[in-house]
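Trainee: Hi! Could you walk me through this structure? I'd like to learn how to read one.

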Amino acid sequence: MESVEVPRTATAPPPPPPPPPLPRLSPPCEWSWRSKITSTFPNLSSPRKGNSSSAKGPPPPPSQLPQLTPPLGKDGVPLAKLKPLHWDKVRAPPEQSMVWDKIRLDEEMIESLFGYNLRSTVKKTEEANSKTPSPSKHVLDPKRLQNITILSKALSSTADQVCDSLMRGSRDGLGLQQLEALAKMVPTNEEQLKLRGFKGNLNELGSAERYVKTLLTVPLAFHRVEAMLFRETFEDEVFHLRNSFSMLEEACKELRSSRLFLKLLEAVLKTGNRMNVGTIRGGARAFKLDALLKLSDVKGTDGKTTLLHFVVQEIIRTEGMRVSESKTKTRTVEEREENYRRMGLDLVTGLTTELYNVKKTATIDLDVLATSVSNLSNGISKLNNLVENELSRDERSRGFVESMSAFLKYAGSNLKEVKEEEDRVIALVREITEYFHGNHVSKDEANPLRIFVIVRDFLGMLDHVCKELRSSKMAYSPNPLAPFR
């Protein structure tokens, strides 16, 4: 029988008269299943236009039909669709007890974390908003309003309490964290105009907007915040600067007075001149310390021994002979050499500890220190202008002015001492650089502390070689330059 095509239109035409009944070829259960499918999927009852083959052949089995209804939970509510986790399922035999039988699942937490939609979260948010009605007006930008709301909660003080502390310049109730939070709340000029110009009911504003508007009743409120924050951090900044300058001074003393480091330089100079005989580099009376970092690049004919190994072994033996105080006569030359080697190796290994401040100074940036000193000077100038000019005639600000005036005297005295220390230490750094490199130091060198960086890196190489020598049994060579010929 030819299939009857039903055109798809916006308004379905009246159905045609039913065809004559066909002979029954299938059992009753098939017709009942087919009618169930037809009632569930009405589009399957009539084939689409242009696809006459859709009416032919047996219908798909139930397992291949799409499930349009999501699975239901215990309460009969459709389960939320979650993000999939790809794994290999384990088929548990019914008669065997497994660890998985003891596991319980928190489905609410799973849905809240891994659901595709956030219906429950949105619903809870809507319920919370319904309990606390939102204000009808906002002056500040929503994102800015959100940030100020978070900061105001971190203050743990009311706006009136903060205003009182700002008026008096008191540290009570306004520590470092509170002042930092207030400094981040500073409104722009436009925001200040909007808040000051708002004449409506304050309850119509958000809590953060009311907070900032209250703070603006204090003359130059956020300038006071900046001044109080400067006072709160001043001592820490001064301590850091003095500690850095003291470290630089000690590093200069260590480099100048280290006898063992001087012996190392002497050994390198003599060895280098011996190796450079007959060349333009021979006969040197001094060398730039950068050459210390190249000692590991010069290898002997054995491909293992480097020039740094040789220099260290020379220092180890000479220093070991110098400090050896053993009164017991050793039986053989090998035993004496091993004793010198062991004691000298301990001394050379200790050079890193002897030049402790040199290594730490290598991490300092003089430009950063100079910027910190400049920032302290600028901060004192701003505070002095605030106290002497902008608030001096405001009778209500007398407490703030008196408090800050006392601090200004203390800060000015400390800043003067810090600047003197800075000038003295920079002069020491210049002197120690010229002490090793002569008058050929470039005034425009990118890092004035480069000499300390070089020594730090060399000490790292020295430690590595000492560890190798300690774990090996390298004998002293009567002809030490032989590997380099």
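Predicted model: local features only at pLDDT ≥ 70, side-chain atom pairs only at ≥ 80, totals over all residues.

Trainee: Good to know. How many helices and strands does the protein chain have?

Mentor: The count is 17 helices and 0 strands.

Trainee: And how much of the chain is buried?

Mentor: Of the 485 residues in the protein chain, 31% are buried. The chain exposes about 33400 Å², and 54% of that comes from carbon and sulfur atoms.

Trainee: What share of the contacts comes from residues 24 or more positions apart?

Mentor: If you take the contacts with a separation of 6 or more, residues 24 or more positions apart account for 79% of them.

Trainee: Let's zoom in. What is the span of helix 9?

Mentor: Helix 9 has 37 residues, and its end C-alpha atoms are 54 Å apart.

Trainee: Where is the kink in helix 9 centred?

Mentor: The kink is centred on T233 and comes to about 40°.

Trainee: Switching to rings: how many aromatic pairs are there?

Mentor: The structure holds 6 aromatic pairs. Take F234 and F407: their ring centres are 5.6 Å apart and their planes are at 90°, so this pair is edge-to-face. The pair joins distant parts of the chain, since F234 is in helix 9 (residues 221-257) and F407 is in helix 16 (residues 398-437), 173 residues apart.

Trainee: Are those two buried or exposed?

Mentor: Both F234 and F407 are buried. They also belong to a cluster, in which ring pairs link F230, F234, F407 and Y410.

Trainee: What about Y435 and F436, how are their rings arranged?

Mentor: Y435 and F436 make an edge-to-face pair, 5.2 Å centre to centre with 90° between the planes. Y435 has 46% relative accessibility, so it counts as partly exposed. F436 is at 13%, so it counts as buried.

Trainee: Which charged residue sits over the ring of Y435?

Mentor: That is R256, whose charged end is 4.3 Å from the centre of the Y435 ring. There is also R224, which lies over the face of F400 at 4.9 Å from the ring centre.

Trainee: New topic: helix 5. Which of its residues are buried?

Mentor: The buried residues of helix 5 are A159, V162, C163, S165, L166 and M167. Their cover includes helix 6 (176-184), helix 8, helix 9 and helix 16.

Trainee: What follows helix 5?

Mentor: G169 does, and its phi is positive, near 70°.

Trainee: How accessible is L220?

Mentor: L220 has a relative accessible area of 31%, so it is partly exposed.

Conventions: Residues numbered from 1 in each chain as written. Heavy atoms only, no water. Phe/Tyr/Trp six-rings, centres within 6.5 Å; stacked < 30°, edge-to-face > 60°. Helix = DSSP H or I, 4+ residues; strand = E, 2+ residues; numbered from the N terminus. Buried < 20%, exposed > 50% of the residue type's maximum accessible area, 1.4 Å probe, protein only. Lys NZ or Arg CZ within 6 Å of the ring centre and 35° of its normal. Contact = heavy atoms within 4.5 Å. Areas by Shrake-Rupley, 256 points an atom, 1.4 Å probe, with all protein chains shown as cover. Expected span 1.5 Å × (residues − 1). Bend = angle between axes of the 7 residues up to and from the residue.
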